[in-house]
Amino acid sequence: MTVITESRIAGVVRAAEAVLSHRAGSSVTLADPEDLGGSGRTVVVRARVLANPLSMDRTLVIKALPADEDPRAFHRELASYKYATALPNESRPGPQLIASDPEIRVLVLTDLGHGRSMNSLLSGTDAIEASHAVSAWGQALGRMHAATVGGEFDFRAILRRDAGTADGDILGESAVRAVADASAQLERLGVDLPSDVHDRLAAACLLFPEGDHRAFSPSDVGPENIMLNDEGVQFMDYEWGGFRDATLDIAYALVTCGAQLSTVNSGHRTDLEIAMVDAWRSEVHGIWPALGHNGESSRKILTARLLWTWLSTIWMLPAHDGVASVEVPQVSPAGYTHDWALHTNDPRVVVARWTDLSAAAVRGGDQVVAEFAARVGAALQRSWLT
């Protein structure tokens with residue numbers, strides 16, 4: 001959790017009061033601010049509403065980005081919240097936007113309350129509870145995807161209106177650089193890059209600007225950004241949200257959940273992955289019938305998973321090999337970095353991701369990816385852990 005000074009929190013609360021008061025046309029007063037943490041220098045605060053001319057909830061969440069950050073981050077998140085807030089209640093993936101001010105980079109959101117984090121459910125000792133949680137995770141992703149198919153034009157219109165641009169996906173840009181660097185990095189590890197695997201990685205990069213299954217994504221749908229409350233799964237962070245191929249989201253969830261599993265739940269890893277994917281497919285097969293076919297679904301998800309696993313690996317390589325490589329995406333000279341769930345500083349996590357990828361490829365009957373993943377995992381094991 002980022003440490004925030006009292007003066008910074010007080011300043012964020014005052015800014016939110018001004019934004020809300022301007023919207024209401026009369027004074028709004030907030031009290032009892034609670035620091036909820038944030039990534040980089042972002043401040044996230046829960047505050048109680050005292051004077052309440054708009055009949056708002058008793059508490060609200062305020063999110064503020066530093067004024068000297070690259071404005072793309074704020075505009076992308078603001079557009080994502082505006083788009084998602086306009087969805088029907090049953091399709092809304094997370095909090096609702098109440099008010100905003102692009103000039104001072106402040107968002108005021110509904111408070112999702114004090115539900116349970118996905119991390120706590122995955123790291124617990126109840127395997128049935130974990131299974132229900134990952135199924136709910138997959139189902140929520142699927143509902144969001146199904147509800148937002150065809151909405152990309154509206155999202156881009158919001159982004160252009162607010163930011164004057166419809167800039168690309170920062171993770172997609174990082175993925176392209178990572179794939180361009182793949183052959184050289186693998187050579188240093190003593191692993192050949194088969195042409196078939198390179199083609200799969202290149203195809204996965206196209207899932208950001210293209211893809212057959214385009215839908216809205218909050219972008220970072222890892223377990224750190226998910227809470228379960230009385231209304232179900234809530235995605236709490238829309239930084240860099242936008243439209244992309246939906247298989248990227250379900251694959252991202254698969255790649256990022258493993259590191260959070262307790263010893264008990266790790267023994268059920270395969271069953272948990274299958275439960276998550278089945279729940280997701282149950283929501284999207286009606287709009288994308290091709291995903292109802294096991295082979296087609298498995299191949300597409302595996303392609304996206306291969307890319308995420310490689311991207312998380314190449315972010316680790318500079319720290320271990322002293323070789324300049326693709327950096328974790330940064331969006332300003334001031335050093336702002338979104339705290340991606342995909343990113344890890346633990347080499348054991350990356351090695352495990354290759355092991356899991358190989359096992360998933362075996363289950364899907366993809367020997368090329370299975371053998372490649374096994375070779376990369378073994379090479380990283382030798383380089384990092386022995």
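Colleague: How do the residues of the lining of the second largest pocket divide into nonpolar, polar and charged?

Modeller: Rolling a probe the size of a water molecule over the atoms shows where empty space is left. This is a predicted model, in which local features need pLDDT of at least 70 and side-chain atom pairs pLDDT 80 or more, while totals for chains, interfaces and linings use all residues. Residues are numbered from 1 along each chain, and side-chain values use heavy atoms, without hydrogens and water. The lining comprises seven nonpolar, seven polar and seven charged residues. Here Ala, Val, Leu, Ile, Met, Phe, Trp, Tyr, Cys and Pro count as nonpolar, Asp, Glu, Lys and Arg as charged, and the others, Gly among them, as polar.

Colleague: Is S358 buried or exposed?

Modeller: Buried means under 20% relative accessible area, exposed over 50%, and partly exposed in between (1.4 Å probe, protein chains only). S358 has a relative accessible area of 12%, so this residue is buried. Of the 386 residues of the protein chain, 55% count as buried.

Colleague: Where is S358 found, and which residues is S358 in contact with, leaving aside its neighbours within four places in sequence?

Modeller: Helix α14 (residues 347-363) holds S358. With those neighbours set aside, S358 is in contact (heavy atoms within 4.5 Å) with A370, A373 and A374.

Notes. Helix = DSSP H or I, 4+ residues; strand = E, 2+ residues; numbered from the N terminus.
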